[in-house]
Structure formats: C-alpha cells, structure tokens
Amino acid sequence: MRLLHIDSSVLGQHSVSRQLSAAIVERLRATTPALDIVYRDLTATPLSHLSGPHLAAAQGAEPPAELQGDVALSQAVLDEFLSADIVVLGAPMYNFTIPSQLKAWIDRILAVGKTFKYGAQGAEGLAGNKRVIVAISRGGFYREGTPAAVGEHLETYLRWVFGFIGIANPEFISADGIQTGPDQRNTAVATALEAVSRLRAA
C-alpha cells in the first residue's frame, strides 16, 4: 500500500499543518508498518503555475524546450497521485483559501482522462479508489454558523476538488483559531492531535 504525503505550508518547522500531517502519517505508519511512503514538499520543490504552453502541451502540442523539464515534473506529480492508495495533505489557510503552491499541485492532478472525464452526464471522477486525509490549520474560526463562515474557501474548495475526481468522502482534521492567541493555538493543536490518534488504520 502506498501513501503520498504532501505539505504546502511556507512556515517550515513553525507550521501547524505540517505538524498535523506528519502526525497523521506516523499514525498510519504505526498501524501499517509496510506502508510505502512518498513525500513531496511543495515549498521546497515548487511547481510553476500554469501557462498557455502548459495547457497546449496537455492537449498534445510539443512543449517548447524550456518547458520540457516542467512538463516531465508535472507527469511525475500526476503519477505519484495516481499510484497512491492514501493521500495525506497538509493545507494551511492563506487569505481564506489554499496556498498558491498547493493550487499549482492541484492543477497537475486534475487531468482529463486520468482523474476525471467528461461524458453525456457531465464530469465523472476516476480517482474514487483513494483515501484522502487533509490536515488543515486556520488562523480564525470559519466553521458553519460562525460570522466568518462565508469566507471559508479552503476546506470547501478541497472537498469540491476531491469530489470532482471521485473522492466523495475526504477526511479533514483541523486546528482552528491558531492566530487568536497561544492558549487557543495549543488547544487547537491538542484537539487535532487527539483526532489523529482516532484515525482508522491504513
């Protein structure tokens, strides 16, 4: 069984989402010692953002020489995702949504004919055989019923993205309000780690 671990926070060792995603991986590793783990840090090795030549290459055009390395990297990223049985994703909220580094990764895995296709009934997801666990950190409080809920475009976006490619029930573990004070940060992290400890085995 293969697990793909993705981190996208720019904060390094100070990142809550990285702390939580690492804890999730360790929990699953402990329950499945033979787990094959592949790690990608989207800030250490960032993907470029999509351009016209990227889209042309995806539709069969020959990429210009300066883009060939990036096209090969895009394929490697997609292959990592396709070969994974479990995806663990660290996703902090930046300005109400995902980091741009994570968006660049999503742009590589939303691939027509690979993770979704269009048919007579519209789009159909092709990646529904994967388990996805997302570790979220948010500086404020955005849950349903809070005044800021309308500004939540992190979890809602990721639920839609993974649902679009067939993953109907991604699991989310979140630490909320981490910028509202040290006590709340500690409480949020402890609560999230407790949720990690209750994750079902790989």
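Reader: Is Y142 buried or exposed?
Author: Y142 has a relative accessibility of 14%. Buried means under 20% relative accessible area, exposed over 50%, and partly exposed in between (1.4 Å probe, protein chains only). The value of 14% is under 20%, so Y142 counts as buried.

Reader: What kind of model is this?
Author: Residues are numbered from 1 along each chain as its sequence is written, and side-chain values use heavy atoms, with hydrogens and water left out. Local features need pLDDT of at least 70, side-chain atom pairs count only at pLDDT 80 or more, and totals for chains, interfaces and linings use all residues, since the model is predicted.

Reader: How many aromatic pairs does the count come to?
Author: Rings of Phe, Tyr and Trp (its six-membered ring) pair if their centres lie within 6.5 Å. Planes under 30 degrees apart count as stacked, over 60 as edge-to-face, and the rest as tilted. By this rule, the number of aromatic pairs is four.

Reader: What arrangement do the rings of F81 and W105 have?
Author: Their centres are 5.9 Å apart. Their planes stand at 85 degrees, so the pair is edge-to-face.

Reader: How many residues apart in sequence are the parts that F81 and W105 tie together?
Author: Helices (H or I, at least four residues) and strands (E, at least two) are DSSP runs, numbered from the N terminus. F81 lies in helix α3 (residues 68–83). W105 lies in helix α4 (residues 100–109), so the pair ties together parts whose separation in sequence is 24 residues.

Reader: Are F81 and W105 buried or exposed?
Author: F81 falls under the 20% limit. W105 does too, and both are buried.

Reader: What arrangement do the rings of F96 and Y142 have?
Author: The ring centres are 6.3 Å apart and the planes are at 75 degrees. An angle over 60 degrees sets the class, so the pair of F96 and Y142 is edge-to-face.

Reader: Where does Y142 of this pair lie?
Author: The pair links distant parts of the chain, 46 residues apart. F96 is in the loop between β3 (86–92) and α4. Y142 is in the loop between β6 (131–138) and α5 (155–164).

Reader: Which residue lies over the face of F81?
Author: A charge sits over a ring if NZ of Lys or CZ of Arg is within 6 Å of the ring centre and within 35 degrees of the ring normal. At 5.2 Å from the centre of the F81 ring, the residue is K130.

Reader: How many salt bridges does the count come to?
Author: Side chains of opposite charge can pair when their charged atoms come close. A salt bridge is a side-chain nitrogen of Lys or Arg within 4 Å of a carboxyl oxygen of Asp or Glu. By this rule, the number of salt bridges is 15.

Reader: How many residues apart are R138 and E155?
Author: Their side chains meet in a salt bridge (3.4 Å, N to O). R138 is in strand β6 and E155 in helix α5, and the pair links parts of the chain with a separation of 17 residues.

Reader: Which residue in helix α5 lies four residues from E155?
Author: Four residues is about one turn of the helix. A salt bridge joins this residue to E155, with the closest N and O atoms 2.9 Å apart. The residue is R159.

Reader: Is R198 buried or exposed?
Author: R198 forms a salt bridge with E194, the closest N and O atoms being 3.3 Å apart. R198 has 57% relative accessibility, so R198 counts as exposed.
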